[in-house]
Amino acid sequence: MKLMPAAITISLLGGVLIESALATDRQISAGPASEAAAIGQGDVERGRAVFNGKGICFFCHGKDGRIDQLPQLSPQTTEIIARLDPKPSDLRNPRALKTKTDQERFRTIREGHSGTGMLPDTKLKDEEIFDLLAYLSTLRRDRPE
């Protein structure tokens, strides 16, 4: 596993910070008790909106989790995403995913994924992450054979 060069990390972080400035500032701190209580209670359609909007998940994982359908981004951001090593996961392929439980996924979204380009997301409210988890579960089930 290669670590990202500092310049890529800083550039990607800068893009996320800019996006964060455009999003709502209110945040709720997540802890194990709040995670366990609400996991599985999210709303799929709100999660889809977070994935393809405020959460900017689609920047790297593709629109609706289709890794081959990345959005039109600035050339600099597109280049940074293309150089990520390891590449962003195909969220529609359960075998390609490192996290296996919603608790692990919640922590990965909140705290980032060490050794990858996925940075911590502190701008999403807990409820938005629960919605996102509900949506991600549909992506894994909807995978065409």
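## Ground rules

Contact here means heavy atoms within 4.5 Å. Helices (H or I, at least four residues) are DSSP runs, numbered from the N terminus. This is a predicted model, where local features need pLDDT of at least 70, side-chain atom pairs count only at pLDDT 80 or more, and totals for chains, interfaces and linings use all residues. Residues are numbered from 1 along each chain as its sequence is written, and side-chain values use heavy atoms, with hydrogens and water left out.

## How α3 meets α7

On the α3 side (residues 44-51), V44, R46, G47, R48, V50 and F51 do the touching; their partners in α7 are E128, D131, L132, A134, Y135, L136 and T138. Sort that contact by type and you get 7 nonpolar, 2 polar and 4 charged residues (Ala, Val, Leu, Ile, Met, Phe, Trp, Tyr, Cys and Pro are nonpolar; Asp, Glu, Lys and Arg charged; the others, Gly among them, polar).

As for geometry, α3 and α7 (residues 126-141) pack at about 95°, their axes 7 Å apart. That makes the pair roughly perpendicular, a label for angles of 65 to 115 degrees. Axes are lines fitted to C-alpha atoms over the stretch in contact, and angles run from 0 to 180 degrees between N-to-C directions.

## Around α6

D121 sits in the loop between α6 (102-111) and α7. D121 is buried, at 9% relative accessible area (buried is under 20%, exposed over 50%, partly exposed in between, with a 1.4 Å probe and protein chains only). Leaving out residues up to four places away in sequence, D121 touches G55, I109 and R110.

Q103 belongs to helix α6 and is partly exposed, at 31%.

Note on methods: Helices (H or I, at least four residues) and strands (E, at least two) are DSSP runs, numbered from the N terminus. Angles under 35 degrees count as roughly parallel, over 145 as roughly antiparallel, 65 to 115 as roughly perpendicular and the rest as oblique.
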